[in-house]
Amino acid sequence: MKPHLRVENLTKRFGEIVATNSVSFEVQRGEIHCLLGENGAGKSTLSKCIYGFYQPNQGKIFLDDKLTTFNSPRDAIANGIGMVHQHFVLVTPLSVIENVVLGTHRVGWKMDLDESKNKLKEICDRYKIEIDFEAKVWQLSVGEQQWVEILKALYLGAELLILDEPTAALTPQESERLFRIIERMTDDGLSIIFISHKLNEVMQSKRVTVLRKGKVVSTVETKSTTKEELTTMMVGRSVMLQVKRKKMSAGKQILEIEGLRVKNDKGLPALQGVSLTIHANEILGIAGVAGNGQKELFEALIGARNVENGQVRCQGEEITNQTPKDAIRRGIGYIPDDRYRSGLVSDFTVEENMILGVQNNPEFSNGSLLNFPKISQFANESIDQFGIVTPSTKAITSTLSGGNAQKIILARELWSSSCCILANQPTRGLDVGVIEYVHNVLLEKRKEGYAILLASEELDDILALSDRIAVIFKGEIMGIFETGTTSIEKLGLLMAGQHDAV
Amino acid sequence: MRFKFEKRLTPTLLSSIFSTIIAVVLAIAASAILLWFVDVDVYEAFHALLIGAFGDLENIYGSLVKAVPLAFAGLATGIAFRAKIWNIGQEGQVFAGAMMAYWVSSMIALPWFLNIAVIILAGFIGGALLGALSGILKAKFKVDEIVSTVMLNYIIVFVLSYLLTSRLWMAPGEYYIQTAQIPEINRLPILLAGTNLHLGVLLAIVAVIAVHFVLTKTTFGYEIRAFGSNSEAARFRGINPNRMFVLVLMISGGLAGLGGAAQSFGVDFRISQNFLLGLGSTGIIVGVIAGLRPLGIGVAALLFGGMSQGGLFMQVMADVSSAIVSSMQAIILIFFLCSSFLSRYRFTRIQPDD
């Protein structure tokens, strides 16, 4: 049976970097095919070539065995290929139906949406997608917004749908729903390619093509392989997928947060009376989809954001509205979710970033003069200890990979912190090998007596690492549980804001 | 064989030097066209320019002296812009420094050595106060520093105008609107007998080295660079933005003020509105062209000093108006700014299978 899509020896270069190197794979009609790979493996570039966003330097793309050349996404769309990007491109003040018809090149000046609504209703009925056409996009949840993106592609007659990291911002229930509807679509003859690095998602596919460093490692039938096998193919070595956390009894209270009220950048309430306590030898995990107040919580704790109401105490001392300098001095370590915005100066060298925030420490300076030999020594020791891949301590940080840049932050925070670590999405955008490393580091500090506050979108990570789990939704703590006493379903419902789930 | 123009991943040193050379060449070419347009003998003009700037020892000394206030104002620009704090008040800060030095000098009568030291210190303080004012306005009231420094320029110049025309500072019986001559004891000492190389030249050299040292080797310089490169990360890592605004603008203003004091007490020996005009603004160009690097600022100041000195020669020998000289300086700035853009691109051969 001839494949719906066949890619032959596709190569795409950016200057001297070869993003995809002679990649070949094919997708059958009605198949769910997964492109699996770490950051920089080439899956995003590959899909953008298929979608016409990039033009490959070499190689051929065949649709139903016919050679095609796409000069822009318009050509791809005309040929029945649709793409849903990881970061949505919706116009939030407009309604669902308005977003769907945007850019569909309707003829005439009159805006008559009835015909479009009928067409959209037909699509929704066929796949049992429930959505209010008149709702404004800003009123929708992230999961519902994703459906609008998918409908946009279906509306234009997509027969092959490319989904980029589709469940990145979804609760477990929403992910479940997405895959059920995808199955219905493929039963109907639609082909789906989804790009992912999350192994749970991958197992939902029929076949998976594993990419590593721009090349295809292998294409396998999903049901005849395992997560471990796929990870080894992705990374090139075997990786421990779940760290082993030994049960420990929590020590004394280190960080007490009481009734915290904090505003976000738009002046709207981000935290509405959050209360948490973190003890020594404990990891408290905050489960929740990103954007429910996690960022504001961490920023308020380290003093980078104003606390409107409430109290924070560290080892008994009140630290509400402290300055970031105080936080560093008090031994509070902070691993941010956006390392290049709040944790590193990209133009600085590796060693300069190693001392960011602690440059005045007598270890690194005599009075006002920087002590370069000591700084370099510290940097070299950290590079060895954490396995940071860099040509030298004087390399510019922006040339390092995300994982290695994160390790700089880790090395620095672990050195300067003494009582607690605040980690907000510490493994976001990192490769599997580095994620394993970060998890082990956190567990080690937990054993040493640190109090650790960990926020992560990956529920699996929270479950593996945390002693207790707090679910956050729209700035409120929905519940705090000992790990293992609550089911994933219940956590997922709380993450979606359903109070009566407990 | 076809070529294409594509973006580099990172500008290399070679590409920066190459594009700088192209910028200089194009700047000279554009200036030549300008000169030709106003019916000036281009060769004679450039010849006069070069001779006037560096032709003989006396001219070289003249260029050095002219470079002094430009170096100070350039350093003021460099240190502020490195923190991405946009001080555009060098013009006013130069005046403020000269004015404070003049005021203090009229009140003290210490032994010669101390006198000079106090006058120089007053120059720094005058500019620093003005800079600090902008810094405080930004820290406390979020007043944009571009707005406040530019407006203070006008205020200071008008204050001087008032002091002069109200005869508070104007010498009795003077025809020109300027102060009395600064007495010999207060003038900056000459470094080399028989020349006009005054103490300011030495101070400028020391300042260049000092600012370089501070930026590269001290914790404060580290904080300035971190803050300028990523103020958000700097804030998260304990660097206080308000402290930065006030301190940096204070030091920046102080440096510009030193330039004003050096010029008034080393060359002009009077304060008037005309003598110091344009030094601060040219200092901004000097700072930017040098890529905000102190050592480069020293070189750039020397070049601009040479252009100013040579410009005088051009006016006399080749009959070129002073407006043309200023235009040439502006042309050079534009081409330099474009050259940094150019260094980010490169020519590559199109691969046969592209």
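Q: Which residues does F72(B) touch, leaving out those up to four places away in sequence?

A: This is a predicted model, so keep that in mind throughout. Once those sequence neighbours are set aside, F72(B) touches A204(B), A207(B), L255(B), A256(B), L258(B), G259(B) and A262(B).

Q: What are the most-contacted residues of the largest nonpolar core, and how many residues does this core have?

A: The core counts 241 residues, and A71(B) and F72(B) have the most contacts inside it. Helix α10 of chain B, residues 241–268, gives the most to this core, with 13 residues.

Q: How do I describe two helices that pack together?

A: Two packed helices are described by the angle between their axes and the distance between the axes. Take helix α3 (residues 57–82) of chain B with α10(B): they pack at about 175 degrees, and their axes are 8 Å apart. Anything over 145 degrees counts as roughly antiparallel, so α3(B) is roughly antiparallel to α10(B). Sorted by class, their contact has 17 nonpolar and 5 polar residues, with no charged ones.

Q: What about α2(B) and α12(B): at what angle do they pack, and how far apart are their axes?

A: Here helix α2 (residues 42–54) of chain B meets helix α12 (residues 294–318) of chain B at an angle of about 130 degrees, with the axes 7 Å apart. That makes α2(B) and α12(B) oblique to each other. The crossing of α2(B) past α12(B) is right-handed. On the α2(B) side, the contact residues include E44(B), A45(B), A48(B) and L49(B). On the α12(B) side, they include G306(B), M307(B), L312(B) and F313(B). By class, this contact has 13 nonpolar, 5 polar and 1 charged residues.

Q: Where do I look for the contact between the chains, and how many residues does each chain give?

A: Start with the two sides: chain B gives 18 residues and chain A gives 23 residues. By class, the residues on the chain B side are 6 nonpolar, 5 polar and 7 charged.

Q: Why is helix α9 of chain A said to be largely enclosed?

A: You count its buried residues, where buried means 20 or more other C-beta atoms within 10 Å. In helix α9 (residues 294–302) of chain A, 9 of the 9 residues are buried, so the helix is largely enclosed by the rest of the structure. Among them are Q294(A), K295(A), E296(A), L297(A) and F298(A). After α9(A) comes G303(A), with a positive phi near 90 degrees.

Q: How many residues of α1(A) are buried?

A: For helix α1 (residues 43–50) of chain A, the count is 8 of the 8 residues, so α1(A) is also largely enclosed by the rest of the structure. Its buried residues include K43(A), S44(A), T45(A) and L46(A). Just after α1(A) sits G52(A), with a positive phi of about 85 degrees.

Q: What is phi of D39(B), and is D39(B) buried or exposed?

A: D39(B), also a residue other than glycine, has a positive phi near 60 degrees. D39(B) sits in the loop between α1 (13–37) and α2 of chain B. With 7 C-beta neighbours inside 10 Å, D39(B) counts as exposed.

Q: Where is K394(A), and what does it touch?

A: Look in the loop between α13 (372–386) and α14 (402–416) of chain A. K394(A) is exposed, because it has 12 other C-beta atoms within 10 Å. Setting aside residues up to four places away in sequence, K394(A) touches T349(A) and E351(A). K394(A) and G316(A) are 78 residues apart along the chain, and their C-alpha atoms are separated by 41 Å.

Q: How many Å separate the C-alpha atoms of T20(B) and S321(B)?

A: The separation is 27 Å, with T20(B) and S321(B) 301 residues apart along the chain. T20(B) belongs to helix α1 of chain B. T20(B) is partly exposed, with 18 other C-beta atoms within 10 Å.

Methods
Residues are numbered from 1 along each chain as its sequence is written. Chains are lettered from A and ligands numbered from 1 in the order in which they are written. This is a predicted model: local features need pLDDT of at least 70, side-chain atom pairs count only at pLDDT 80 or more; totals for chains, interfaces and linings use all residues. A nonpolar core is a set of buried Ala, Val, Leu, Ile, Met, Phe, Trp, Tyr and Cys residues joined through C-beta atoms within 7 Å. Helices (H or I, at least four residues) and strands (E, at least two) are DSSP runs, numbered from the N terminus. Two residues are in contact if their C-beta atoms, placed from the backbone, lie within 7 Å. Axes are lines fitted to C-alpha atoms, for helices over the stretch in contact, and angles run from 0 to 180 degrees between N-to-C directions. Angles under 35 degrees count as roughly parallel, over 145 as roughly antiparallel, 65 to 115 as roughly perpendicular and the rest as oblique. A crossing is left-handed if the near helix is turned anticlockwise from the far one by less than a right angle, and right-handed if clockwise. Ala, Val, Leu, Ile, Met, Phe, Trp, Tyr, Cys and Pro count as nonpolar, Asp, Glu, Lys and Arg as charged, and the others, Gly among them, as polar.
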